[in-house]
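Hello,

Here is the structure for you to look through. Please open it next to this email and follow along.

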Amino acid sequence: MQSEKAGLYIHIPFCLSKCGYCSFYSIKSVNLIPEFIDALNKEIKFYSKSFKSFDTVYLGGGTPSLLTIGQLGTIFKAINKSYKIDPCAEITMEVNPGDMSLGYLQSLRSLGINRLNIGIQSFDDHILRLLGRRHNSAEAVSAINNSRKAGFDNIGIDLIYGIHGQNISLWKKTLQITLSYKPEHISCYQLSLSKNTPLYKKYFSEGWQLLDENTELKLFFTTAEEMENAGYIHYEVSNFARQDKFKSRHNQKYWQHVPYLGLGPAAHSFFGNRRWWNTSSVKTYLKEIAQGKMPLENTETLSGEQLQLEALFLGLRTKAGIDLKRFKTKFGIDLLKDKKIVIESLIKNRHVELKNGFLRPTRAGMAIADSLALI
Ligand code: SF4
């Protein structure tokens, strides 16, 4: 079944508390973790006939750093028993700054984890409290220092901007502190408020305004300029790497339609023209695995047209852009001919450019990437 090297994603659906803006699936019942690990190890085996090998592994959540080293060890044992993991695989774990003692991090290195994604979000304690994070800026600094001491030479830092009360100069301060630690990778996500989150309700009850379009664009351009001045490559709308080799190999699979297998509650998988995803309920997940069933919530088969639209949408969010020759081979469509008028107007407005057979978004194009894909 598998021809390209796929990526493996494991969703650890537990958090000690819920951050005010978060819409990812996770629950606070950490007492279920041991039962979950047993079920996950069974799910890992389920797919061993259809997926043979991986060259990226990503433990996300939720909060994977709530697991003990022993629990993580059993997960890696199950993975290595069922699949071949490339010797040079990128193995990432998302970690919460409050959970990162030096001893814990050293043990993560011994397990083979070679990349950390630290959910710092801000170096401003007021903003961290507003976001409902359970760490403060001092813990964030110590998390970075401990990671380096433990030997991690590939660290990603996640940040959020566009929060009420955070003006451009406050945001720049967080960026500058982040840059002073020279992380290999930085993700800067603009706050997106989902309904029913506590922060959304707070905005509503306090009468706070969401950012207007001009401020959003100003923040986006400030971020891109600060990062590029510091030598980072802006390789996707929200993602920056210190060098090419530090671009997230795992996330690039999502953007390039490379197969990936997602395990754990709410995890999504993709292969060929099929996408499937697991139930967003730990209890249902445990029950179905115990009954020997796949804990699926749903599955969909994408039409050629849907795949093509996704390829446009995802490609125009990345600096590399769309390989026109590859697009034609894959979908039988010559974009330059079929979308001639729209593409010419986008080029004229400097939202995209044509370079070496690629249709690429400019920085201004990246700022409005979602609407570019509507071509
Ligand atoms: S730690 Fe991450 S997954 Fe958990 S509630 Fe906060 S943002 Fe969501």
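Leu354 faces Leu359, a residue of β15. The model is predicted: local features need pLDDT of at least 70, side-chain atom pairs count only at pLDDT 80 or more, and totals for chains, interfaces and linings use all residues. Residues are numbered from 1 along each chain as its sequence is written, and side-chain values use heavy atoms, with hydrogens and water left out.

Back to the strands. β14 and β15 (residues 358-361) run antiparallel, joined by 4 bridges. Two strands pair if DSSP finds at least two bridges between them. The open sheet has 3 strands, in the order β13-β15-β14, with antiparallel pairing. β13 (322-323) and β14 (352-355) are the edges: each has a single partner strand, so one side of each lacks a neighbour in the sheet. Helices (H or I, at least four residues) and strands (E, at least two) are DSSP runs, numbered from the N terminus.

Now helix α6.

Which residues of α6 are buried (under 20% relative accessible area; exposed is over 50%, partly exposed in between; 1.4 Å probe, protein chains only)? They are Trp171, Thr174, Leu175, Thr178 and Leu179. They cover an arc of only 135° around the axis (taken from the directions from the helix axis to the C-beta atoms), which puts them on the same side of α6. An α-helix has 3.6 residues a turn, so residues three or four places apart point the same way. On the other side of α6, Ser169, Lys173 and Ser180 are exposed. After α6 comes Lys182, with a positive phi near 50°.

Best wishes
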